[in-house]
Amino acid sequence: MTTWLNMSLQDGASPIMEQLVFFHDHVLMIMLMITTTVSYMMITLIRNKQTSRFMLEGQMIETTWTIAPAIILVFIAMPSLRLLYLMDEVHNPALTLKAVGHQWYWSYEYSDFTKLEFDSYMIPQEEQQESTFRLLDTDNRIVLPMNSPIRLIVTAADVLHSWTIPSLGVKTDATPGRLNQTSFSINRPGILYGQCSEICGANHSFMPITIESVPAKYFINWASKMSE
């Protein structure tokens, strides 16, 4: 999760999020080079008091400043399109999780198991412990196996919601009457936090999402106990 005075993105907990962080840094470096070059040229022109009759026409420089931005855009567009296709691709999932948005809590169904479904509410402030985070922890956490391809199906029962986990690079709209699908894989154990990212009503900011990433054997034991 994000920390105090954190000026950058959260540490990636999935391969897609790591690629998104790399792409973010890649674009920032290109922007830095453009800003530096343009600033240098503007300062040079302002300070230069000389005049030259040969500067009335410059076909070479016009050709250069037309082709250079096109090349820069290609260096931005290629990794961007690659990431878009990777994020849209759903591989053979080892587990399917269905998330249903309500006003104002989430319901979860593990489609591969029978009788494994629960509601997830935010822990009230008066019931919180020292180890829990205000407005982020829930009474029932989503337990998922790490290093496994997971398919997420998102929908809503009433109004628009948005299921979002920043450290996974996942943000999927929950629309009533429609199923939206995405996939992700968690590459490290731990607890991941998110919130509804759609303005869905008065208690919009009280729809947290808590994922507990565990090894596969612990997940199987948890699923067996929950299905009993």
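Q: How many disulfides does this predicted model hold, and what decides the count?
A: The count comes to zero disulfides. A disulfide needs two cysteine sulfur atoms within 2.5 Å. Cys-196 is in no disulfide, and the nearest cysteine sulfur, in Cys-200, is 3.9 Å away.

Q: What makes Cys-196 and Cys-200 count as buried?
A: Buried means under 20% relative accessible area. Cys-196 has 5% relative accessibility, so Cys-196 is buried. Cys-200 has a relative accessible area of 5%, so Cys-200 is buried as well.

Q: Why is the contact of Arg-141 and Asp-137 called a salt bridge?
A: The N to O distance between their side chains is 3.2 Å. The rule asks for a nitrogen of Lys or Arg within 4 Å of a carboxyl oxygen of Asp or Glu, so this pair qualifies. The structure holds two salt bridges.

Q: How do you know that Glu-212 and Arg-141 also form a salt bridge?
A: Here the N to O distance is 3.8 Å. The limit is 4 Å, so this pair passes too. Glu-212 lies in strand 10, while Arg-141 sits in the loop between strand 3 (117-120) and strand 4, so the pair ties together parts that are 71 residues apart in sequence.

Q: What makes Asp-137, Arg-141 and Glu-212 one network?
A: Their salt bridges share partners, and this joins Asp-137, Arg-141 and Glu-212.

Q: Which of these three residues are buried, and which partly exposed?
A: Asp-137 has a relative accessible area of 1%; the limit for buried is under 20%, so Asp-137 is buried. Arg-141 is at 26%, between the 20% and 50% limits, so Arg-141 is partly exposed. Glu-212, at 27%, falls in that range, so Glu-212 is partly exposed.

Q: Why is the aromatic pair of Tyr-110 and Phe-118 called tilted?
A: The centres are 6.2 Å apart and the limit is 6.5 Å, so the rings pair. The planes stand at 40°. Stacked needs under 30 degrees and edge-to-face over 60, so this pair is tilted. Tyr-110 and Phe-118 are both buried.

Q: What makes strand 4 and strand 7 edge strands?
A: Five strands form an open sheet in the order 4-10-9-6-7, with mixed pairing. Strand 4 (142-145) and strand 7 (170-174) each have a single partner strand, so one side of each is left without a neighbour in the sheet. The twist averages 25° from one strand to the next.

Q: How do you know that strand 9 and strand 10 pair?
A: Pairing takes at least two bridges. Strand 9 (residues 190-196) and strand 10 (residues 208-214) have six, so they pair, in the antiparallel sense. In one of the bridges, Gly-194 is partnered by Ile-209 in strand 10.

Q: Where does helix 3 lie?
A: Helix 3 (residues 216-227) lies across strand 4 and strand 10. Helix 3 runs at about 135° to strand 4.

Terms used: Residues are numbered from 1 along each chain as its sequence is written. This is a predicted model: local features need pLDDT of at least 70, side-chain atom pairs count only at pLDDT 80 or more; totals for chains, interfaces and linings use all residues. Side-chain values use heavy atoms; hydrogens and water are left out. Helices (H or I, at least four residues) and strands (E, at least two) are DSSP runs, numbered from the N terminus. Axes are lines fitted to C-alpha atoms, for helices over the stretch in contact, and angles run from 0 to 180 degrees between N-to-C directions. Contact means heavy atoms within 4.5 Å. Buried means under 20% relative accessible area, exposed over 50%, partly exposed in between (1.4 Å probe, protein chains only). Rings of Phe, Tyr and Trp (its six-membered ring) pair if their centres lie within 6.5 Å; planes under 30 degrees apart count as stacked, over 60 as edge-to-face and the rest as tilted.
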